[in-house]
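Visitor: Please take one part of this model and go through it closely. I would like the surface and the charged contacts around it.

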Amino acid sequence: TGYGFPSFFFIAALQCVVSICVLLVQRRTGKVKPFPLLSPTAIRDVFPVSFIFLCNTVSGLGATKRLNMPMFILLRRFSIIMTMGLEAYVLKKRFPKPVQLAVLLMVLGA
């Protein structure tokens, strides 16, 4: 980076911690539907999506440190479709046609 910060893993971990804190505050204030905190079932259900999010975040932050701009843009666009594909494969999630079209437009650079 321009500031010489050595660890993008720290930034990724910090982003995850802040995301969890915001979600817990929203849960407490009633802004989101209540969810179980740390049950084995909840961990099993949420782990694949959390892992995909973490990989996407780390790869994106790592790319900003090591790649030139055209390769970074290609990686970010490709990660969008890979995340959607992995959600479909791992979670057996079906996406509506408008969502598929929106992702296709983002990947093509519309």
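Guide: Start with confidence, since this is a predicted model. In the protein chain, helix H2 (residues 40-66) has the lowest confidence, with a mean pLDDT of 78, and helix H4 (residues 97-108) the highest, at 88. Here pLDDT is the predictor's confidence in each residue, from 0 to 100. Helices are DSSP runs (H or I, at least four residues), numbered from the N terminus. Residues are numbered from 1 along each chain as its sequence is written. Local features need pLDDT of at least 70, side-chain atom pairs count only at pLDDT 80 or more, totals for chains, interfaces and linings use all residues, and side-chain values use heavy atoms, without hydrogens and water.

Now the close look: helix H3 (residues 69-90). H3 gives the most to a nonpolar surface patch, with six residues. Patch members include Val 49, Phe 78, Tyr 89 and Leu 91, and the whole patch has about 700 Å² of accessible area. Such patches take residues with over 30% relative accessible area and no salt bridge, nonpolar side chains (Val, Leu, Ile, Met, Phe, Trp, Tyr) being joined within 5 Å. Areas come from the Shrake-Rupley method with a 1.4 Å probe; for residues, only the protein chains shown count as cover.

Tyr 89 lies in H3. Tyr 89 counts as exposed because its relative accessibility is 61%. The classes are buried (under 20%), exposed (over 50%) and partly exposed in between.

Next, charge. Glu 87 pairs with Lys 93 in a salt bridge, their closest N and O atoms 3.9 Å apart. The cut-off is a Lys or Arg side-chain nitrogen within 4 Å of an Asp or Glu carboxyl oxygen. Glu 87 is buried, at 18%, and Lys 93 is partly exposed, at 41%.

Key
Helices (H or I, at least four residues) and strands (E, at least two) are DSSP runs, numbered from the N terminus. Patches are made of residues with over 30% relative accessible area and no salt bridge: like charges are joined within 9 Å, nonpolar side chains (Val, Leu, Ile, Met, Phe, Trp, Tyr) within 5 Å. Buried means under 20% relative accessible area, exposed over 50%, partly exposed in between (1.4 Å probe, protein chains only).
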